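Hi everyone, thanks for coming. Have a look at the structure on the screen, and I'll walk you through the chain and then the ligand.

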Amino acid sequence: MQIRARMSMSADGYVTTPNGWPALTADPAFVSGESHGIREFLAGCEAALMGRTTFEPALTNDRWPWPNLDVFVLGSHRPDGTPDHVTTDSDPVRLLEKLRSANRGGDVHLIGGPRTIGAFHALGALDTLELVVLPLLFGGGMQLTPMLRPDTGLTFQRERALPGGSVEIVYSCSGSRTELPSKPVSQR
Ligand SMILES: NC(=O)c1ccc[n+]([C@@H]2O[C@H](COP(=O)([O-])OP(=O)(O)OC[C@H]3O[C@@H](n4cnc5c(N)ncnc54)[C@H](OP(=O)(O)O)[C@@H]3O)[C@@H](O)[C@H]2O)c1
């Protein structure tokens with residue numbers, strides 16, 4: 001089982017629009033039906049993992065967004081209307097144990113948001129960070145950091161161009177990377 005965080009992001013580095021929607025929802029290609037590689041990604045996944053903030057909008061969706069996946073939610077309470085088959089827990093360590101004991105060999109799609117990705121990375125449980133960089137600039141919104149620690153080590157695995165002008169980039173993750181320089185090159 002691999003825990004694979006996958007997030008859409010604007011070309012200027014925001015994972016949400018300035019008003020808090022996932023970056024992907026602003027892409028005209030998404031609105032017109034482009035899947036941004038999600039079908040291929042989900043082929044190896046059996047579970048979806050997310051934070052309560054990311055989960056709650058699904059409760060009022062017209063259709064359940066994760067029909068073929070076991071769903072796990074990190075949050076201090078179980079939101080009203082949560083279907084019985086969804087597993088919730090307030091403790092990331094316990095939720096990770098539940099994920100592992102339910103696992104049948106498939107991967108876990110860690111949907112987000114940044115706080116939940118940061119929580120699982122802090123446990124050493126984040127295997128990959130997969131970004132879909134959209135051909136859009138937002139000028140504001142939420143970033144992955146600092147909730148995902150800026151010293152997270154990323155090792156490039158692969159990339160591919162997606163229809164609609166986005167690029168998928170896959171990194172494997174480790175604990176920390178080489179120190180950042182303390183001063184910009186121009187000031188040394
Ligand atoms: N671009 C993308 O692909 C993408 C994907 C997903 C989400 N998003 C965006 O991300 C934003 C939400 O991100 P977020 O980081 O604010 O929220 P989040 O990770 O979705 O959920 C945060 C909640 O998860 C629980 N949680 C997180 N870390 C925890 C920890 N260490 N221990 C216990 N509970 C913990 C807490 O729930 P309680 O408050 O109940 O304690 C916390 O309030 C949304 O605007 C969404 O649109 C973007």
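Let me start with a term: the radius of gyration here is taken over C-alpha atoms, and the globule rule is 2.2 Å times the number of residues to the power 0.38. Please keep in mind that this is a predicted model. For 188 residues, the rule puts a compact globule near 16 Å, and the chain has 17 Å, so the two agree. Along the principal axes, the C-alpha atoms fill a box of roughly 60 × 40 × 30 Å.

How many helices and strands does the chain have? There are five helices and eight strands, and from the N terminus they run β-α-α-β-α-β-β-α-β-α-β-β-β.

The space it takes is the largest pocket. Which elements give two or more residues to the shell around the ligand? They are β1 (3-9), α3 (52-55), β5 (107-112) and α5 (114-122). The largest share, four residues, comes from α5.

In total, 25 residues surround the ligand, and the closest are Gly20, Arg52, Thr54, Arg115 and Thr116.

Let's look at some individual contacts. A nitrogen atom of the ligand lies 2.9 Å from a backbone N or O atom of Ser8. On the oxygen side, a ligand oxygen is 3.2 Å from a polar backbone atom of Pro22, and a ligand oxygen is 3.3 Å from an N or O atom in the Thr53 side chain. Taken alone, the ligand exposes 920 Å², and the protein buries 81% of that.

Thanks, and I'm happy to take questions.

Notes:
Residues numbered from 1 in each chain as written. Predicted model: local features only at pLDDT ≥ 70, side-chain atom pairs only at ≥ 80, totals over all residues. Heavy atoms only, no water. Near = heavy atom within 4 Å. Polar contact = N/O pair within 3.5 Å; in protein donor to acceptor, adjacent residues only side chain to side chain. Areas by Shrake-Rupley, 256 points an atom, 1.4 Å probe, with all protein chains shown as cover. 1 Å grid on protein atoms, 1.4 Å probe; cavity = no way out; pocket = protein on both sides within 12 Å on 5 of 7 lines; lining within 4 Å. Sits in = over half its atoms within 2 Å of the grid points.
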